[in-house]
Amino acid sequence: MKRALITGVTGQDGSYLAELLLEKGYKVFALRRRTSTQNYENVENIKDKLQWIDGDLTDLASLITAVQIAQPDEVYNLAAQSFVATSWPQPISTGQITALGVTNMLEAVRIVKPDARFYQASSSEMFGKVVETPQNEKTPFYPRSPYGVSKVYGHWITVNYRESFNMFACSGILFNHESPRRGLEFVTRKVTNTVAKIKLGLVDELRLGNLDARRDWGFAGDYVKAMWLMLQQNTPDDYIISTGETHSVEELVNIAFSYVGLDWRNYVIIDRNLIRPAEVDLLLGDCTKAKEKLAWKTEVSFKELIQMMVDADLEKLKK
Ligand code: NAP
Ligand code: GDD
């Protein structure tokens with residue numbers, strides 16, 4: 001039985017990845033941090049199948065203990081302060097978790113179980129003010145937020161541990177991926193949740209920021225398969241994971257409202273407070289390498305994804 005340690009299991013990706021690894025017969029160890037109220041919403045169905053270990057990405061001692069307990073063959077480092085907008089008002093904690101937290105996790109692996117395979121959750125946000133389109137593994141980074149800067153650090157420290165200590169460390173540069181388990185603050189889920197509320201007569205407006213921003217949005221369930229595939233290869237490497245399509249926030253809004261038979265123009269209000277200090281205008285990934293080397297592909301289209309999220313939000317709200 002293979003053993004995996006996942007950080008960030010209570011988040012969107014961690015929950016899908018834990019399900020995938022359990023299905024594959026892994027013993028799954030899940031790092032959780034102490035919070036005043038525990039939120040297991042995303043992992044309710046598998047909570048009792050996971051081996052929980054208390055720890056925090058900013059606390060190296062807890063990570064060393066976690067690796068000692070789990071003795072993992074594979075480590076997936078998904079934990080992060082992952083909301084870009086929060087990274088401006090909280091740049092230091094974002095750096096401590098999302099940047100230095102990666103070194104903490106790598107050090108715990110290097111000290112306790114250096115032969116474990118390591119996955120780092122890197123991000124298309126590293127491309128920021130993009131210098132070429134589409135973006136591939138060789139595109140230079142130009143981060144636009146404290147979050148993006150932190151992810152660039154996490155990416156390079158992962159590459160550095162691979163090159164310095166010969167560790168099997170991979171960095172997955174994932175473009176935006178969404179699902180019904182997405183946090184309510186991210187734009188897709190904010191839109192689908194509010195559309196469902198409007199449809200049910202619970203609220204009558206949706207406040208948004210920049211409708212022109214474009215993202216390459218995929219389904220999280222497809223993306224966690226790529227994480228696993230990266231760690232099954234003969235050699236460690238870095239991969240872009242994306243759909244190869246880009247859509248604007250306005251298109252997203254239009255699809256969600258149209259799906260429930262409403263015209264978005266009657267409900268959307270532009271709120272200047274939601275415009276970011278520096279924006280990432282356009283993301284579009286070229287995942288040719290992942291398609292060819294990992295035989296990975298997306299299975300859910302953008303429209304199907306948004307409709308799936310609206311359906312899930314309608315169902316949740318009706319309950
Ligand atoms: P998410 O839903 O925000 O989940 C983040 C997870 O990290 C949660 O389980 C959270 O725990 C945990 N966490 C936060 N701070 C921690 C700390 N100090 N110690 C231990 N755990 C901590 O994020 P996601 O969307 O699943 O994304 C997973 C990873 O992929 C993140 O690193 C994100 O930056 C990266 N990424 C995401 C996307 C995307 O589009 N989703 C794209 C590229 C990269 P709590 O439940 O206690 O808050
Ligand atoms: N959240 C949010 N709320 N975003 C809005 C809003 C709003 O009301 N109105 C417009 N937007 C725009 C943002 O300005 C941004 O351009 C875009 O919608 C997407 O915002 P988010 O959904 O918050 O995601 P993100 O692209 O900033 O970051 C996500 O993707 C990254 C990968 O590119 C996060 O999951 C990051 O953790 C991830 O690394």
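The following legends describe close-up views of a predicted model.

Residues are numbered from 1 along each chain as its sequence is written, and chains are lettered from A and ligands numbered from 1 in the order in which they are written.

**View 1. The open sheet has 7 strands with parallel pairing.** The order of the strands is β3-β2-β1-β4-β5-β6-β11. Strands (E, at least two residues) and helices (H or I, at least four) are DSSP runs numbered from the N terminus; two strands pair if DSSP finds at least two bridges between them. β3 (51-54) and β11 (238-241) stand at the edges with a single partner strand each, so one side of each lacks a neighbour in the sheet. From one strand to the next, the twist averages 20 degrees. Strand β1 (residues 3-7) is joined to the parallel strand β4 (residues 74-77) by 4 bridges, and Ala 4 stands opposite Glu 74 in β4.

**View 2. Helices α2 and α4 lie across strands of the sheet.** Axes are lines fitted to C-alpha atoms, for helices over the stretch in contact (heavy atoms within 4.5 Å), and angles run from 0 to 180 degrees between N-to-C directions.

**View 3. Ligand 1 is surrounded by 25 residues.** A residue is near a molecule if one of its heavy atoms lies within 4 Å of it. Among the closest are Thr 10, Asp 13 and Arg 33. A polar contact is a pair of N or O atoms within 3.5 Å. An N or O atom in the side chain of Thr 10 is 2.6 Å from an oxygen atom of ligand 1, and a backbone N or O atom of Leu 78 lies 2.9 Å from an oxygen atom of this ligand. The largest share of the shell, 3 residues, comes from β5.

**View 4. Ligand 2 has 24 residues around it.** Ser 82 and Arg 276 are among the nearest. A backbone N or O atom of Ser 82 lies 2.6 Å from an oxygen atom of ligand 2, and a polar side-chain atom of Arg 276 also lies 2.6 Å from an oxygen atom of ligand 2.

Methods: Predicted model: local features only at pLDDT ≥ 70, side-chain atom pairs only at ≥ 80, totals over all residues. Heavy atoms only, no water. Polar contact = N/O pair within 3.5 Å; in protein donor to acceptor, adjacent residues only side chain to side chain.
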